[in-house]
Amino acid sequence: MGEAAKSGGGEAEARRYHIVVSGRVQGVGYRYFTRDVAESLGLTGWVQNLTDGDVELEAFGEKGAIDALIGRLREGPPLAKVTGVEVCPMAAGPAGGGFFIKR
């Protein structure tokens with residue numbers, strides 16, 4: 001089976017997204033929540049706090065898993081109050097290993 005037939009362009013095609021979450025998302029366990037959800041969905045990437053109070057992440061994996069992550073990011077952990085989730089697609093690039101917290 002050729003590469004084009006394997007990827008099929010469907011739901012299983014790997015995607016990479018840069019995401020910025022705003023609101024009360026620092027000091028409430030948001031990065032740990034993000035890492036745990038991403039790992040449970042089989043995604044790779046990273047998450048970090050920004051100096052302006054937002055949380056930034058990059059996630060790589062199947063579109064369905066990314067969509068599920070974005071849905072959970074909009075909810076956040078119990079003490080968070082998410083006011084915005086900005087999602088920007090990126091070039092896929094290499095997958096890397098694991099999902100980790102920066103800084």
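**Entry 1: salt bridges**

I started in helix α3, where E75 and R72 sit three residues apart, about one helical turn. I note that this model is predicted. Side chains of opposite charge can pair when their charged atoms come close. I looked up this pair and found a salt bridge between E75 and R72, with the closest N and O atoms 3.7 Å apart. Are the two partners buried or exposed? E75 has a relative accessible area of 52%, so I noted E75 as exposed. R72 is at 36%, so R72 counts as partly exposed.

I then searched the whole structure, which gave four salt bridges. Another of them joins K63 to D67, with the closest N and O atoms 2.8 Å apart. K63 is partly exposed at 25% relative accessible area. D67 is partly exposed too, at 35%.

I also checked D36 and R35. Their salt bridge has its closest N and O atoms 3.3 Å apart. D36 is partly exposed at 42% relative accessibility. R35 is partly exposed at 25%.

**Entry 2: the sheet**

Next I traced the strands. Strands of a sheet pair through backbone hydrogen bonds, either parallel or antiparallel. In what order do the five strands lie? I read the order as β4-β1-β3-β2-β5, in an open sheet with mixed pairing. The edges are β4 and β5 (99-101), since each pairs on one side only. From one strand to the next, the twist averages 20 degrees.

I followed β1 (residues 14-24) to its partners. β1 runs antiparallel to β3 (residues 55-62), and eight bridges link the two. I picked out V21, whose bridge partner in β3 is V55. β1 is also antiparallel to β4 (residues 81-90), with nine bridges between them. Here I found Y17 opposite P89 in β4.

Which way does β5 run beside β2? β2 (residues 44-49) and β5 are parallel, with three bridges between them. W46 stands opposite F100 of β5.

I then turned to what lies on this sheet. α2 packs on the sheet and touches β1, β2, β3, β4 and β5. The direction of α2 makes about 175 degrees with that of β5. α3 packs on the sheet as well, touching β1, β3 and β4. The direction of α3 makes about 155 degrees with that of β3.

**Entry 3: two helices**

How do α2 and α3 meet? The axes of α2 (residues 30-40) and α3 come within 10 Å and cross at roughly 155 degrees. An angle over 145 degrees counts as roughly antiparallel, so I recorded the two helices as roughly antiparallel to each other. The crossing is right-handed. On the α2 side, the contact residues are Y30, F33, T34, V37 and A38. On the α3 side, they are L69, R72, L73 and R74.

**Entry 4: T34**

I ended on one residue of helix α2, T34. Is T34 buried or exposed? Its relative accessible area is 0%, so T34 is buried. What does T34 touch? Leaving out residues up to four places away in sequence, I listed V47, L57, L69, L73 and F99. Among these, L69 and L73 belong to the α3 side of the helix contact.

Definitions and conventions: Residues are numbered from 1 along each chain as its sequence is written. This is a predicted model: local features need pLDDT of at least 70, side-chain atom pairs count only at pLDDT 80 or more; totals for chains, interfaces and linings use all residues. Side-chain values use heavy atoms; hydrogens and water are left out. A salt bridge is a side-chain nitrogen of Lys or Arg within 4 Å of a carboxyl oxygen of Asp or Glu. Buried means under 20% relative accessible area, exposed over 50%, partly exposed in between (1.4 Å probe, protein chains only). Helices (H or I, at least four residues) and strands (E, at least two) are DSSP runs, numbered from the N terminus. Two strands pair if DSSP finds at least two bridges between them. Axes are lines fitted to C-alpha atoms, for helices over the stretch in contact, and angles run from 0 to 180 degrees between N-to-C directions. Angles under 35 degrees count as roughly parallel, over 145 as roughly antiparallel, 65 to 115 as roughly perpendicular and the rest as oblique. A crossing is left-handed if the near helix is turned anticlockwise from the far one by less than a right angle, and right-handed if clockwise. Contact means heavy atoms within 4.5 Å.
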